[in-house]
Protein chains: 2
Amino acid sequence: VTVVAAHDGADPIDAALPGPDRLRVAIIGIGLMGGSLGRALRAAGHVVIGCDLDDHRLQRAVELGAIDEWKPSITAAARGADVAFVAVPVLQVADAVVAALDAGAAVVSDMGSVKGPIVDQVRALRPAALRRFVAGHPMAGSEQTGVEGADPSLFTGRTWVLAPTPETDADAYATLRTLLASTGADVVAVEPDLHDELVAVVSHVPHLAAGTLMRLAADRSADAGVLLRLAAGGFRDMTRIAAGDPGIWPDICAANRGAIVSALDEYLAALGEIRDLVAAGDRPGLFHLLEQASRARRNLPVSAASAGPLVELRIPVPDRPGVFANITTALADRGVSIFDLEVAHSAEGGAGVLVIVVAEEYVERAEQALADRGHTCSVHAIG
Amino acid sequence: VTVVAAHDGADPIDAALPGPDRLRVAIIGIGLMGGSLGRALRAAGHVVIGCDLDDHRLQRAVELGAIDEWKPSITAAARGADVAFVAVPVLQVADAVVAALDAGAAVVSDMGSVKGPIVDQVRALRPAALRRFVAGHPMAGSEQTGVEGADPSLFTGRTWVLAPTPETDADAYATLRTLLASTGADVVAVEPDLHDELVAVVSHVPHLAAGTLMRLAADRSADAGVLLRLAAGGFRDMTRIAAGDPGIWPDICAANRGAIVSALDEYLAALGEIRDLVAAGDRPGLFHLLEQASRARRNLPVSAASAGPLVELRIPVPDRPGVFANITTALADRGVSIFDLEVAHSAEGGAGVLVIVVAEEYVERAEQALADRGHTCSVHAIG
């Protein structure tokens, strides 16, 4: 694993300095997500520095083992960090990322649920530093809130999206990826705008649809006593996510407005079609649509994890912008799950070799995805 | 418990005749629901006679312990039955109910997911026999299908709706209610049309909405590899019901067309409102709606069951049509959960006393509901 060297001349601030694999991680914003990440990374042996607007919360974070220590500003926390994570409300992410980049953190990432607008803002504000920023989004959550609910296993087995851009530095990505894998997360690379379009479909619109369904039922309050007893498992399943904290949704809807409106319009059109089929008594039409849905749902995999033997793909990569993002997202598009990834630099500098570890079952798809984008690779079985 | 006396002069057909609490039950249609009911009622000590179009299925039902024996026709199965259940596809229910009533079953019920149209059809075809028919709908289901999936605990703790009408005979209702309670179901009385309106909201529209959401995601098949890894728990929860057998939905949509179209129109209007709030960036408006939904979902009770002490309400009931349906549905409207119910006839005949057992916590609400409808009751603590 390539480890980022010491940088920016920051002084060590305590005796527990990172060893070669032990990173110094800053987390900006110690709520449920930031606190869970802190606990997971400390459990994996890293040093975690916290920063938050609320001193009381920082104190609790130390008591709960979510951070080793805390600093009074983003600049102080991010200075000398190998990786800085921004875990603040989505509309405040870009400014905090810029502050962490300016403080000299070697790699900066975030945990916001929208990626395109954040990348665009950082690109506009600090174009030269974008190589050190890799936007991220862990697909995990909890009914708990705040640092009190922080759970070191929150990310285990969950998908963690990283959204590399053409500017992304391969070493920065590899460092971040390895660090995140130590939380048990399943890291996948997705282009920022595609991420936003897809989460609108699988997360944002489902949340709005569940909330609307719950309100529809709640509006029948005159019949509430009976209605709630008729609400069997299907209704409970469908509306469960509506119970979450409503406070985050105005921000998410503002940040991902375009993709959400477009997915909602598609959903409204498709529901209108179903409504017309019911009204017209079109039985074959209804059966056809519901049969499609049933088949798709039954094909939804329970987990992307794989248990087969692993194979190493070694891909020579030219030192050219965009190559790295291009390769990782191409593999993700084909459904190839990356088990591990590192960058092997040639002794002569310049171009290097991207080493990607995948389950054997993915080799054929990976080779095809790489060939489509004009890359070659060699395949090596590993122990 | 009032037990219906022998009737219609039907001959006993085997030596295992029912004792005073052991009923002779016919089940018409031995699929998942009919088979599960058969297993549950046999486990509770009743005798179950099956009837189905498919002899092979009847043979399996005997082997699986879902029925004691089978008869070649509805008429033969229902003749001499204390209670006959019709568990056939919803559009075929009314005809089978009429056949069971004509065969002389003392009480006939069904398990269809729509109630108003079935009651209307039976009322039109056999107005005089409607007193012996109490439409029903167990709010239970399974991923399993057919008699092979029959599960005697399918109804345990689940709501079983009975839909009494002004014509319903109190003894018929009490017999049926006691029998169903022996499966572990939580029986609740709801007027037929209100049932249909409410299940459209909590069952039918949610199913169509889940299927549509699943199709929306499946349409992005070009990005399927990534999309499915982004689909976190919320999406899985929301679309789970879409995996069920699509074959039953054209019938349900046909049978409950009016209520479904009307609930879908409300849902479309409410979703359109959300869509406009997102497009307009109306943060307070979005927060308000999602906060309502979150509060309503958090108030959704996990179970209607109660553990407190029980109380008996004794309600003098005049021998007048509609009184009984009026009382049971009034209690359900107020959220009063009925633990047990029986009819005590006066020695002189004519009017009687309806005895309803409820948890102590419901007494005040029950008294108010009864007073609202012009009934008095006396309250007695029970051991």
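With which side chain of chain B does A:Arg275 meet in a salt bridge? In this predicted model, the partner of A:Arg275 is B:Asp265, and the N to O distance is 2.6 Å. The pair crosses between chains, since A:Arg275 sits in helix H11 (residues 257-280) of chain A and B:Asp265 in helix H11 (residues 257-280) of chain B. Neither end is assigned to the buried class: A:Arg275 is partly exposed, with a relative accessible area of 21%, and B:Asp265, at 31% relative accessibility, counts as partly exposed as well.

Is A:Arg220 buried or exposed? A:Arg220 has a relative accessible area of 12%, and because the limit for a buried residue is under 20%, A:Arg220 counts as buried. Residues up to four places away in sequence aside, A:Arg220 touches A:Leu227 in its own chain, together with B:Glu197, B:Leu198, B:Val201 and B:Glu266 from chain B.

Nonpolar residues of the two chains also come together. The largest nonpolar core has 93 residues, and the members that touch the most others are A:Ile260, A:Tyr267 and B:Tyr267. Apart from that core lies another, of 56 residues, including A:Met33, A:Val134, A:Val187 and A:Ile356. To see how B:Tyr267 is surrounded, leave aside its neighbours within four places in sequence: the contacts in chain A are A:Ala209, A:Thr212, A:Leu213, A:Leu216, A:Tyr267 and A:Leu271, and those in chain B are B:Val205 and B:Ala209.

Turning to chain A as a whole, one finds 14 helices and 12 strands, and of its 383 residues 55% count as buried. Among the contacts in chain A with a separation of 6 or more, 72% are between residues 24 or more positions apart. The chain exposes about 14800 Å², of which carbon and sulfur atoms supply 52%.

Eight of the strands in chain A form an open sheet with mixed pairing, in the order E3-E2-E1-E4-E5-E6-E7-E8. Its edges are strand E3 (69-70) and strand E8 (186-189), each of which pairs on one side only. Within the sheet, strand E4 (residues 83-86) and strand E5 (residues 107-110) of chain A pair in the parallel sense over four bridges, and A:Phe85 stands opposite A:Ser109 in E5(A).

One of the positions to look at is B:Leu313, whose bridge partner in E11(B) is B:Ile356. Strand E11 (residues 352-359) of chain B is mostly covered, seven of its eight residues being buried. In a regular strand, side chains alternate between the two faces of the sheet.

Over all chains, a search of the whole structure finds 38 salt bridges. One of them joins A:Glu167 and A:Arg123, with the closest N and O atoms 2.8 Å apart. A:Glu167 lies in the loop between strand E7 (159-163) and helix H6 (170-181) of chain A, whereas A:Arg123 belongs to helix H5 (residues 116-125) of chain A, so the pair ties together parts that are 44 residues apart in sequence. Both residues are partly exposed, A:Glu167 at 31% relative accessibility and A:Arg123 with a relative accessible area of 29%.

In chain B, a salt bridge is formed by B:Asp102 and B:Arg126, whose closest N and O atoms are 2.7 Å apart. This pair links distant parts of the chain, 24 residues apart: B:Asp102 is in helix H4 (residues 93-102) of chain B, and B:Arg126 is in the loop between helix H5 (116-125) and strand E6 (133-138) of chain B. B:Asp102 is partly exposed, with a relative accessible area of 48%, and B:Arg126 counts as partly exposed at 30%. Back in chain A, salt bridges that share partners join A:Asp52, A:Asp54 and A:Arg57 into one network.

Note on methods: Residues are numbered from 1 along each chain as its sequence is written. Chains are lettered from A and ligands numbered from 1 in the order in which they are written. This is a predicted model: local features need pLDDT of at least 70, side-chain atom pairs count only at pLDDT 80 or more; totals for chains, interfaces and linings use all residues. Side-chain values use heavy atoms; hydrogens and water are left out. Buried means under 20% relative accessible area, exposed over 50%, partly exposed in between (1.4 Å probe, protein chains only). Contact means heavy atoms within 4.5 Å. Helices (H or I, at least four residues) and strands (E, at least two) are DSSP runs, numbered from the N terminus. Two strands pair if DSSP finds at least two bridges between them. Accessible areas come from the Shrake-Rupley method with a 1.4 Å probe; for residues, only the protein chains shown count as cover. A salt bridge is a side-chain nitrogen of Lys or Arg within 4 Å of a carboxyl oxygen of Asp or Glu. A nonpolar core is a set of buried Ala, Val, Leu, Ile, Met, Phe, Trp, Tyr and Cys residues joined through side-chain atoms within 4.5 Å.
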